[in-house]
Amino acid sequence: MRKKVIAGNWKMNMLPNEAIAFIEQITPMVKDTENEVILCVPYVDLFYSLLSAQNTNIKVGAQNMHWEEKGAYTGEVSGQMLKSIGVEYVIIGHSERRQYFAETDKTVNKKVKAALANGLKPIICVGETLEQREQGKAEEIITKQTMLALEGLIKEQMKNIVLAYEPIWAIGTGKTATSEDANNSIKSIRNKVAELYGKEIAEKITILYGGSVKADNAKELFSTTDIDGGLVGGASLKVEEFSKIVLA
Ligand code: PGA
């Protein structure tokens with residue numbers, strides 16, 4: 001059975017002192033869970049969060065990275081830099097980066113490769129817009145994004161990959177995909193992975209759902225056959241709410 005993974009995506013929220021307080025508060029609440037708990041925090045919070053999360057079961061991730069190791073890329077942070085302070089996960093290809101920061105399937109693929117080369121575990125986001133869904137193109141879009149993100153990866157690397165299905169129309173809108181729809185979309189992503197890497201790898205890979213996950217819908221979403229947990233935005237900013245999702 002696949003382990004459930006609950007990843008918080010704080011986006012551009014939380015100052016270092018707030019991050020420290022959050023982790024201190026949530027640590028005892030989630031200490032007995034068998035689920036993987038990850039907090040993807042802003043760059044400036046990474047170091048503080050890593051220190052606060054030492055000797056706990058909480059893992060820390062970044063929300064983006066550059067694909068080059070170093071060089072003249074003002075304002076960017078590399079995979080090597082993240083790894084050097086002990087970061088374990090990194091979100092890649094979030095729809096907000098695709099939408100506002102010119103992230104493309106190509107740059108997603110480059111970042112995924114660089115993350116793996118540095119021993120980081122990428123959480124790769126794919127998802128369709130409302131328009132694409134209404135045109136009946138959702139499955140085509142998400143399987144294509146998946147294929148392009150993974151292009152050039154070998155089987156051996158797939159064990160360090162996490163995928164996240166995040167329908168864009170469900171992010172931050174309060175509209176959650178029905179658990180059935182989300183599960184079906186995730187099944188089609190899993191089938192794509194099977195087609196590319198074989199059934200065994202497809203059965204093992206973790207695929208999360210993201211988009212308005214809350215304490216009161218988490219259980220239903222996570223009890224489906226193919227949803228292996230959540231990538232949680234807004235609801236990951238509140239200790240009570242996020243701990244309930246972890247324990248759901
Ligand atoms: P949301 O965000 O939970 O606030 O909808 C999810 C995400 O963008 O990862």
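The legends below describe close-up views of a predicted model.

In this predicted model, local features need pLDDT of at least 70 and side-chain atom pairs count only at pLDDT 80 or more, while totals for chains, interfaces and linings use all residues. Residues are numbered from 1 along each chain as its sequence is written, and side-chain values use heavy atoms, with hydrogens and water left out.

View 1. The ligand is surrounded by 13 residues, a residue being near a molecule if one of its heavy atoms lies within 4 Å of it. The closest are Lys-11, His-94, Glu-166, Gly-172 and Ser-212. By residue type, the shell holds 4 nonpolar, 7 polar and 2 charged members. Here Ala, Val, Leu, Ile, Met, Phe, Trp, Tyr, Cys and Pro count as nonpolar, Asp, Glu, Lys and Arg as charged, and the others, Gly among them, as polar.

View 2. A backbone N or O atom of Gly-172 is 2.6 Å from an oxygen atom of the ligand. For Gly-233, a polar backbone atom is 2.8 Å from an oxygen atom of the ligand, and a polar backbone atom of Gly-234 also lies 2.8 Å from an oxygen atom of the ligand. On its own the ligand has 280 Å² of accessible area, of which the protein covers 95%. Accessible areas come from the Shrake-Rupley method with a 1.4 Å probe; for residues, only the protein chains shown count as cover.

View 3. Met-14 sits in the loop between strand 1 (5–9) and helix 1. Helices (H or I, at least four residues) and strands (E, at least two) are DSSP runs, numbered from the N terminus. The phi of Met-14 is near 85 degrees, a positive value in a residue other than glycine. Ser-212 belongs to the loop between strand 7 (206–210) and helix 10 (215–222), and its phi is near 55 degrees. Are these residues buried or exposed? Met-14 counts as buried because its relative accessibility is 17%, and Ser-212 is buried at 13%. Buried means under 20% relative accessible area, exposed over 50%, and partly exposed in between (1.4 Å probe, protein chains only).

**View 4. Helix 1 and its cover.** Helix 1 runs over residues 16–30, and its end C-alpha atoms are 21 Å apart. This agrees with the 21 Å that its 15 residues should span at 1.5 Å a residue, the expected span being 1.5 Å times one less than the number of residues. Its buried residues are Ala-19, Phe-22, Ile-23, Ile-26, Thr-27 and Val-30. An α-helix has 3.6 residues a turn, so residues three or four places apart point the same way. The cover over the buried residues of helix 1 includes strand 2 (36–40), helix 2 (43–53), strand 3 (58–62) and helix 11 (239–247); contact means heavy atoms within 4.5 Å.

**View 5. Helix 8 and Arg-190.** The 19 residues of helix 8 should span 27 Å at 1.5 Å a residue, and the end C-alpha atoms are 26 Å apart, which agrees. Buried residues in helix 8 include Ala-182, Ile-186, Ile-189, Arg-190 and Val-193. Just after the helix, Gly-198 has a positive phi of about 95 degrees. Arg-190 lies in helix 8 (residues 179–197) and counts as buried because its relative accessibility is 3%. A polar atom of the Arg-190 side chain is 2.8 Å from the backbone oxygen of Ile-205. Beyond its neighbours within four places in sequence, Arg-190 contacts Arg-2, Ala-202, Glu-203, Ile-205, Ile-207, Asp-226 and Asp-228.

**View 6. Thr-143 in helix 7.** Thr-143 is part of helix 7 (residues 138–150) and is buried, with a relative accessible area of 14%. Its side chain reaches the backbone oxygen of Glu-139 at 2.8 Å. Leaving aside neighbours within four places in sequence, Thr-143 is in contact with Ser-188 and Lys-192.

**View 7. Leu-163 in strand 6.** Leu-163 is located in strand 6 (residues 162–165) and is buried, with a relative accessible area of 1%. Not counting residues up to four places away in sequence, Leu-163 touches Ile-124, Thr-146, Ile-189, Val-193, Ile-205, Thr-206, Ile-207 and Leu-208.

Key: Polar contact = N/O pair within 3.5 Å; in protein donor to acceptor, adjacent residues only side chain to side chain.
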